[in-house]
Amino acid sequence: VLLDQGLKSRKPKVVLATVNLILDAATTFGAGCLPLASISSNAPKMLSHSNAKVRDSGMKIIAEICRALGSREPLQDVIDKLKKAQLTQLDSLLEAQPRPSVVKVKLRSRDGSSDASSPDDALAAFQAGAEELEAKRFAARPAVNIMQELPKTDYSTRILLPKWSEKVAALDLIIQCGGEKPYKL
């Protein structure tokens with residue numbers, strides 16, 4: 001709820017409080033304990049917000065996630081969208097503190113493991129969370145009835161034309177009617 005509604009709020013104070021709570025959780029419990037996939041998918045909202053404090057806190061969150069994962073590669077799609085100044089800010093944050101923040105409060109569920117905040121564990125959690133998030137998005141998407149969508153196009157006239165390029169264009173219309181990939185028919 002915090003990530004979904006807190007970052008989408010129109011009130012800058014709510015967004016700032018949300019981002020600060022996420023940053024506090026990352027520094028207190030370790031970034032490996034956070035839902036990394038959800039945070040990384042919402043990172044562009046934090047980094048392009050109109051409030052400078054939200055952008056700064058968002059950059060600190062991204063830096064802490066990079067430290068927890070051990071590299072910047074898993075967040076490369078987010079990092080590619082950064083402005084040049086933001087990229088230098090991220091580099092300076094990572095150079096100033098190359099290791100993850102020390103976990104201040106350990107969770108009971110992670111007390112039994114010897115190194116709960118290792119980069120491999122955090123990366124595995126990130127990948128599992130990304131797969132789960134993608135599965136939720138796919139399940140929430142409505143199915144497309146291609147037989148209802150196809151008559152709305154000029155497929156039937158294009159497929160009867162003698163030129164091969166027109167037949168290919170007709171087949172492309174079928175693909176367009178299917179919606180976004182992966183198709184949910």
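## Ground rules

Since the model is predicted, local features need pLDDT of at least 70 and side-chain atom pairs count only at pLDDT 80 or more, while totals for chains, interfaces and linings use all residues. Numbering runs from 1 along each chain as its sequence is written, and side-chain values use heavy atoms, with hydrogens and water left out.

## H2 against H4

Let's start with helix H2 (residues 12-29) and helix H4 (residues 52-69), whose axes come within 9 Å and cross at roughly 25°. That makes the pair roughly parallel (angles under 35 degrees). Axes here are lines fitted to C-alpha atoms over the stretch in contact, with angles from 0 to 180 degrees between N-to-C directions; helices are DSSP runs (H or I, at least four residues), numbered from the N terminus. The H2/H4 crossing is left-handed, so the near helix is turned anticlockwise from the far one by less than a right angle.

On the H2 side, the contact (heavy atoms within 4.5 Å) includes Val15, Leu16 and Val19, and H4 brings residues including Lys53, Val54 and Ile61. By class, the H2/H4 contact has 8 nonpolar, 3 polar and 3 charged residues (Ala, Val, Leu, Ile, Met, Phe, Trp, Tyr, Cys and Pro count as nonpolar; Asp, Glu, Lys and Arg as charged; the others, Gly among them, as polar).

## The core

The largest nonpolar core has 32 residues, and Ile39, Ile61, Ile62, Ile65 and Leu90 have the most contacts inside it. Such a core is a set of buried Ala, Val, Leu, Ile, Met, Phe, Trp, Tyr and Cys residues joined through side-chain atoms within 4.5 Å. H4 gives the most to this core, with 9 residues. As for Leu90, it touches Met59, Ile62, Ala63, Ile79 and Leu82, not counting residues up to four places away in sequence.

## A buried serine

Ser40 lies in helix H3. At 12% relative accessibility, Ser40 counts as buried (under 20% relative accessible area, with a 1.4 Å probe and protein chains only). Leaving out residues up to four places away in sequence, Ser40 touches Leu75, Val78 and Phe126.

Note on methods: Helix = DSSP H or I, 4+ residues; strand = E, 2+ residues; numbered from the N terminus. Parallel < 35°, antiparallel > 145°, perpendicular 65-115°, else oblique. Buried < 20%, exposed > 50% of the residue type's maximum accessible area, 1.4 Å probe, protein only.
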